[in-house]
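The stops below go from one selection to the next.

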Amino acid sequence: MKSYYLTTPIYYPSDNLHIGHTYCTVAADSIKRYKKLQGYDVFFTTGTDEHGQKIQEKAKEAGLEPKEYVDNILVSIKELWEKLEIDYDQFRRSTDPEHEEQVQKIFQKLYDKGEIYKSEYEGYYCTPCESFWTESQLDEGHKCPDCGRETKISKEESYFFRLSKYRDKLLELYEKNPEFLEPLSRKKEMVSNFLKDGLDDLSVTRSSFDWGVKVPFDEDHVIYVWVDALSCYLTAIGYGFDEEKFNKYWPANVHLVGKEIVRFHAIIWPALLMALDIPLPKKIFGHGWILFDNDKMSKSKGNVVYPEPIIDLYGTDALKYFLLREFSFGSDGSFTKEKFMKRLNSDLANDLGNLVSRTISMVDKYNDLYLPEAHQITEIDQDLIDLATTTSQKVDQAMDHFQFSNALEEIWNLIRRSNKYIDETTPWILAKNEEDRERLDTVLYNLVESLRIISILIKPFISHTSDSIRTALNLKTEVKWDDANTWGLSQAGEKLKKIKALFPRLDIEKEIERLDEANHALAEKRQAEKATWQHEAGGEDKEDKKEENSKEKITIDDFSKVEIKTALIEEVEDHPNADRLYVLKVKIGDERRQIVTNIKSQFSKEYLKGKKIMVVTNLKPMKFRGLESDGMILAAEDKDGKISLATTFEDLADGTIVG
Ligand code: MSP
């Protein structure tokens, strides 16, 4: 059997993985399922990148040993992959002893071959990204070009890898193997940003901290995390200790990585492998980012969308379908909840859901759920048959280049064509005339046959939906990819089964609110859980404070955009749909407004009524559980959760501008 090895990056341990992080694993999982259907023996590696200064610092802040700290976080990462049903074969932790041992051997081998030498390093270091930059590569203000955070000058004795000598070999590699680095734009970026003007040797050890794999012949140094992490791709399949397995799967068919880490995979990694005389992976694919309102998702920006509530409310298939269909894998895309809900309604509920329910209910109504036989084929039938039996090839072409969105679009063309076929053939009219019976039977058969093919084509992407359709068609849930290009495999006389609607239509506005609440509740739960294990360990949560403090400075012009006024609370009512919320009626000068707020747990209605508070008055109104909130009250909350409302010392008229 042909083997196929694919990897996602080895993730930094974070208790805050968002839907952007799931993009790569979801894509890798679909590739695995697709390749398996094509008869490949697939091995899929993911894992965690657990060494380095950043982890050591975070662990210290939390009052834990680094390993304990990552052990805690790992639970939520593994739970997430389980929830998303990511079918990986090896979860490689960079702290696994068998991995650490091999990393030392790799380092020793490089040293013995003269690929590594000792010198002194001075450069700009970005701790969160664990990377050194030269001055010319930095953004304005000596900021890291990847994450935009401050870098610091770091000088230390270090071992260096002779990366510079691989520049020409790398250029030749790109030239001779146009498929090595995709999409094409990434290659251009690597050449113009890093290779064109020559490469510097790479510092591959650190001595300013010790949480890492020790250099075997110099215990004062730990091996650079990127050398350590990239080696996970090798050790996950037995490099150095399971030769048979390693030879079976290496070289990797593809490393899927986000665009900001292409540099490490397309420059450092092939150079290291060349130095080690290990064959190179066949492809590095640098996918785009999922942005949120055109910004990168991050906890400090407060725009994180978690995958768990989406899965709980709409299922894994809905999330996987959306991620793979909405965005083009090589480019950036912006996530919005509206886009998500609209896709669910249009593609899953309307197109696919309707095709399934219409087909099954017609077979039920006109033939007691028994699949009738097909008779004479007409031109319209042939048109459907041609499309149905050629779609798998189009999917193959798209999947050869990891164009998930195009692959799904091809499948949806067939789904939409099948729905149109119902409208064109009007089975409900055929059913009225006994002499049209054979025609009706043929139409029903063709629809079921088309659905059978669709159930195969969607299997790598949305396998539960495929299973449900196949259950309705009384077919085994395992599929054979080749059966998607053969017409006529459904057996007449088979009894179909009624199933419940695959995807209910959503009331978009209501669902966005529901999702917002679930997302918010999860963020709070995570915070509380973290506080608990940090508290138990005697540490404190400095991470969030640090994020708060590191919020970018704004100018006076930015601040002057915010309008704050004093307001008089005239009425306080319970929110009709939410136990924890109040609805305030406030007077702001000549204006009256409604504000929904969550201060109910601390203040009685009587206490609030008649109080003068401060309100941000030029925020866009938002709905909370169906009620509009026009403004935001200002309040402070201490670490014990005690809230105090912002007010003025002197009694000023409501509507007075604060600033
Ligand atoms: N530890 C390194 C990888 C070492 S691989 C030998 C690392 N880890 S990471 O946790 O920061 O990132 C893991 C992956 O998540 C990266 O490929 C990164 O691009 C991806 N993403 C993080 N945020 C993302 C989005 N918002 N959108 C898409 N992918 C994103 O880098």
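Helices, in the numbering used here, are DSSP runs of H or I with at least four residues, and strands are runs of E with at least two, both numbered from the N terminus. The model is a predicted one.

**Stop 1: the ligand**

Which residues come nearest? Of the 21 residues around the ligand, they are Ile10, Asp49, Gly258, Glu260 and Ile290. By class, this shell consists of 12 nonpolar, 7 polar and 2 charged residues. Colour by secondary structure to see where part of the shell comes from: β1 (3-11), α1 (19-37), α7 (225-230) and β12 (254-258) each contribute at least two residues.

At Ile10, a polar backbone atom is 2.8 Å from a nitrogen atom of the ligand. At Tyr12, a backbone N or O atom lies 3.0 Å from a ligand oxygen atom. Asp49 uses its side chain: one of its polar atoms there is 2.7 Å from a nitrogen atom of the ligand. The ligand taken alone exposes 670 Å², and the protein buries 95% of that area.

**Stop 2: α2 and α3**

Select residues 53-62 for helix α2 and residues 66-83 for helix α3. Two packed helices are described by the angle between their axes and by the distance between those axes. Here the axes come within 8 Å and cross at roughly 90°. Angles of 65 to 115 degrees count as roughly perpendicular, so α2 and α3 are roughly perpendicular to each other. Show side chains at the crossing: Ile55, Lys58, Ala59 and Ala62 in α2 meet Pro66, Tyr69 and Val70 in α3. The residues of this contact divide into 6 nonpolar, no polar and 1 charged.

**Stop 3: backbone exceptions**

Most peptide bonds are trans, and most residues other than glycine have a negative phi.

- Glu182 and Pro183 are joined by a cis peptide bond, with omega about -10°. Pro183 is in the loop between β7 (181-182) and α6 (184-195).
- Trp250 to Pro251 is also a cis peptide bond, with omega near 5°. Pro251 sits in the loop between α9 (243-249) and β12.
- Asp368 is not a glycine, yet its phi is positive, at about 50°. Look for Asp368 in the loop between α13 (337-367) and α14 (379-400).

**Stop 4: α12 and α13**

On the α12 side, the contact is made by Ala318, Leu319, Tyr321, Phe322, Arg325 and Glu326. On the α13 side, select Lys339, Phe340, Arg343, Leu344, Asp347 and Leu348. By class there are 7 nonpolar, no polar and 5 charged residues in this contact.

**Stop 5: Gly589**

Finish at Gly589, in the loop between β18 (582-588) and β19 (591-597). Draw a C-alpha to C-alpha distance from Gly589 to Ala653: the two are 64 residues apart in sequence and 7.5 Å apart in space. Which residues does Gly589 contact, leaving aside its neighbours within four places in sequence? They are Asp654 and Gly655.

Terms used. Residues are numbered from 1 along each chain as its sequence is written. This is a predicted model: local features need pLDDT of at least 70, side-chain atom pairs count only at pLDDT 80 or more; totals for chains, interfaces and linings use all residues. Side-chain values use heavy atoms; hydrogens and water are left out. A residue is near a molecule or strand if one of its heavy atoms lies within 4 Å of it. A polar contact is a pair of N or O atoms within 3.5 Å; within protein, one must be able to donate a hydrogen and the other to accept it, and residues adjacent in sequence count only if both atoms are side-chain atoms. Accessible areas come from the Shrake-Rupley method with a 1.4 Å probe; for residues, only the protein chains shown count as cover. Ala, Val, Leu, Ile, Met, Phe, Trp, Tyr, Cys and Pro count as nonpolar, Asp, Glu, Lys and Arg as charged, and the others, Gly among them, as polar. Axes are lines fitted to C-alpha atoms, for helices over the stretch in contact, and angles run from 0 to 180 degrees between N-to-C directions. Angles under 35 degrees count as roughly parallel, over 145 as roughly antiparallel, 65 to 115 as roughly perpendicular and the rest as oblique. Contact means heavy atoms within 4.5 Å.
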